[in-house]
Amino acid sequence: MLLVLGTTAAIVVPRWSWQLAIYRADAAAQRIAVDLARTQSWAYSSSTARTISYNVGQGTYQIIGMTDPDRASAAYIVKLTDSPYIATLVSASFGGQAQVTFSGYGLPTSGVGTVVVQSGGVHRSIVVDADTGKATVQ
């Protein structure tokens, strides 16, 4: 009986860990894509340039000037190292900078850019199109 349980665990645990890493990487990437779209929409609707800034070393990003919807006195900062993501911000590059600014027309001022996140051995890239500003997860 123990042999059967041990064998089953040896098969199931690595697969479960891999699926959890996929879930976390996907969740982090989708959150980033949604927040890029939120920043773009905010810039367009206010006809004012808006910036989202990434801190790769700390695994965080911030929509500059936006308050946290849950705490009106706090800045809108997302910590990808926290649950449910538990992910690493590998890189963020927009024309050589770790931030992207959307013009009042909702277009990125730095051209094409990419953000890369990782959970376990799973990487996801979020690419911002230079012409439309649309963020897609790859």
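Asp-68 is found in the loop between strand 2 and strand 3, where helices (H or I, at least four residues) and strands (E, at least two) are DSSP runs numbered from the N terminus. The structure before you is a predicted model, in which local features need pLDDT of at least 70 and side-chain atom pairs count only at pLDDT 80 or more, while totals for chains, interfaces and linings use all residues. Residues are numbered from 1 along each chain as its sequence is written, and side-chain values use heavy atoms, with hydrogens and water left out.

Let me stay with Asp-68. Its relative accessible area is 10%, so Asp-68 is classed as buried; the term buried means under 20% relative accessible area, exposed means over 50%, and partly exposed lies in between (1.4 Å probe, protein chains only). Which residues does Asp-68 touch, leaving aside its neighbours within four places in sequence? They are Ala-74, Ala-75 and Tyr-76, contact being defined as heavy atoms within 4.5 Å.

A polar atom of the Asp-68 side chain also lies 2.7 Å from the backbone nitrogen of Asp-70. The loop between strand 2 (60-67) and strand 3 (75-79) holds Arg-71 as well. The side chains of Arg-71 and Asp-68 are joined by a polar contact of 3.0 Å. By polar contact I understand a pair of N or O atoms within 3.5 Å; within protein, one must be able to donate a hydrogen and the other to accept it, and residues adjacent in sequence count only if both atoms are side-chain atoms.

Arg-71 and Asp-68 also form a salt bridge, with the closest N and O atoms 3.0 Å apart. A salt bridge here is a side-chain nitrogen of Lys or Arg within 4 Å of a carboxyl oxygen of Asp or Glu. Arg-71 counts as partly exposed, at 49% relative accessibility, whereas Asp-68, at 10%, counts as buried. Elsewhere, salt bridges that share partners join Arg-31, Asp-35 and Arg-38 into one network.

I turn now to that network and to the other salt bridges. How many salt bridges are there by this rule? The count comes to four. In one of them, Asp-35 pairs with Arg-31, and the closest N and O atoms are 3.2 Å apart. Because Asp-35 and Arg-31 are four residues apart in helix 1, about one helical turn separates them. Is Asp-35 buried or exposed? Asp-35 is buried, with a relative accessible area of 0%, while Arg-31, at 27% relative accessibility, counts as partly exposed.

A further salt bridge brings together the side chains of Arg-124 and Asp-26, at 2.6 Å from N to O. Arg-124 lies in strand 7 and Asp-26 in helix 1 (residues 2-46), so this pair ties together parts that are 98 residues apart in sequence. Asp-26 counts as partly exposed, at 31% relative accessibility.

Four strands form an open sheet in the order 4-6-7-8, with antiparallel pairing; two strands pair if DSSP finds at least two bridges between them. Strand 6 (residues 113-119) and strand 7 (residues 122-128) pair in the antiparallel sense over seven bridges. Within this region, Val-116 stands opposite Ser-125 in strand 7.
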